[in-house]
Amino acid sequence: MELKWLDWAKQLQSIAQAGLTYSKDAYDMERFELIRNISVEILAKHTNLESELIKELFANETGYQTAKVDIRAVVFRENKILMVRENTDGHWALPGGWGDIGLTPSEVAIKEVKEESGFDVKATKLIAVLDKKCHPHPPSLYHVYKIFIQCEIIGGEPQDGIETSAVEFFEEDELPSLSTARNTETQIQLAFKHLHNPLEPVSFD
């Protein structure tokens, strides 16, 4: 589902980053730097972003490039799903964010729910591990794996966070405008599928 030019740019960036990390030959280093610049030019050609900004966002890492991890918490109350309104785009998402160094996936889910919604939860079930490129998200500069973890409320009260402006529970057939960079309608439907059938297997890819 990903745009082919974006896929090519990310693959070139990955090759260049690995080459710049492990190559010892000065001429090879120049070639890998050229490959990285080509990947930046591809993005600049197809977006409205300046090349320098693209370098900061897209070509700013060193070492072997790996996928980033985004963790989303799935929380139900009275058959409604917990969502928060994101300050960045004004749309709604499951509480969550990037995986944190030193925390397990379930610890990240618990932390994000508390920070973004005010509720205390415990993690109970892995719902899915999905590759963002295989789902109808907007194009992304990064290759992202999305982990969905079901959680149960054990305390707390609804409260806006630094990155969120509202906290609400929604019926399955009355979903709000979604922040599709974070979650899609099909992913929310998958979450409800696990609510209705606790024996539903984990989804992947």
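These legends go with a set of close-up views of one predicted protein model.

Because the model is predicted, local features need pLDDT of at least 70 and side-chain atom pairs count only at pLDDT 80 or more, while totals for chains, interfaces and linings use all residues. Residues are numbered from 1 along each chain as its sequence is written, and side-chain values use heavy atoms, with hydrogens and water left out.

View 1. Helices (H or I, at least four residues) and strands (E, at least two) are DSSP runs, numbered from the N terminus. Read from that end, the elements go α-α-α-β-β-β-β-α-β-β-β-α-β. The C-alpha trace spans about 60 × 30 × 30 Å along its principal axes. Of the 205 residues, 39% are buried; here buried is under 20% relative accessible area, exposed is over 50%, and partly exposed is in between (1.4 Å probe, protein chains only). Take the contacts (heavy atoms within 4.5 Å) between residues at least 6 apart in sequence, and 70% of them join residues at least 24 apart.

**View 2. F119 and F169, an edge-to-face aromatic pair.** A search of the whole structure turns up three aromatic pairs, and F119 with F169 is one of them, at 5.7 Å centre to centre and 65 degrees between the planes. The rule used is that rings of Phe, Tyr and Trp (its six-membered ring) pair if their centres lie within 6.5 Å, with planes under 30 degrees apart called stacked, over 60 edge-to-face and the rest tilted. F119 belongs to strand β5 (residues 119-131) and F169 to strand β7 (residues 164-170), so the pair ties together parts that are 50 residues apart in sequence. Both of these phenylalanines are buried.

**View 3. K68 and the rings of W98 and Y142.** K68 lies over the face of W98, 5.8 Å from the ring centre. K68 also lies over the face of Y142, this time at 4.8 Å from the ring centre. To count as over a ring, NZ of Lys or CZ of Arg has to be within 6 Å of the ring centre and within 35 degrees of the ring normal.

**View 4. R72, a buried arginine in strand β1.** R72 sits in strand β1 (residues 68-77) and counts as buried because its relative accessibility is 4%. Its side chain has a polar contact of 3.2 Å with the side chain of D70 and reaches the backbone oxygen of L94 at 2.7 Å. A polar contact is a pair of N or O atoms within 3.5 Å; within protein, one must be able to donate a hydrogen and the other to accept it, and residues adjacent in sequence count only if both atoms are side-chain atoms. Setting aside neighbours within four places in sequence, R72 is in contact with residues including E86, P95, K146, F148 and R182.

**View 5. V113 in helix α4.** Helix α4 covers residues 105-117 and holds V113. With a relative accessible area of 0%, V113 is buried. Not counting residues up to four places away in sequence, V113 touches A73, V75, L82, P95, G118, F119 and V121. For a sense of scale, V113 and E50 are 35 Å apart in space, C-alpha to C-alpha, and 63 residues apart in sequence.

**View 6. D120 in strand β5.** At 29% relative accessibility, D120 counts as partly exposed. A polar atom of its side chain lies 3.4 Å from the backbone nitrogen of G156. Beyond the neighbours within four places in sequence, D120 is in contact with K114, E152, I153, I154, G155 and G156. D120 and P138 are 31 Å apart in space, C-alpha to C-alpha, though 18 residues apart in sequence.

**View 7. D7 and Q11, joined through their side chains.** D7 lies in helix α1 (residues 4-22) and, at 17% relative accessibility, counts as buried. Its side chain makes a 2.9 Å polar contact with that of Q11.

**View 8. The cysteines C134 and C151.** C134 is partly exposed at 36% relative accessibility, whereas C151 is buried at 4%. With a disulfide taken as a pair of cysteine sulfur atoms within 2.5 Å, the count comes to zero.
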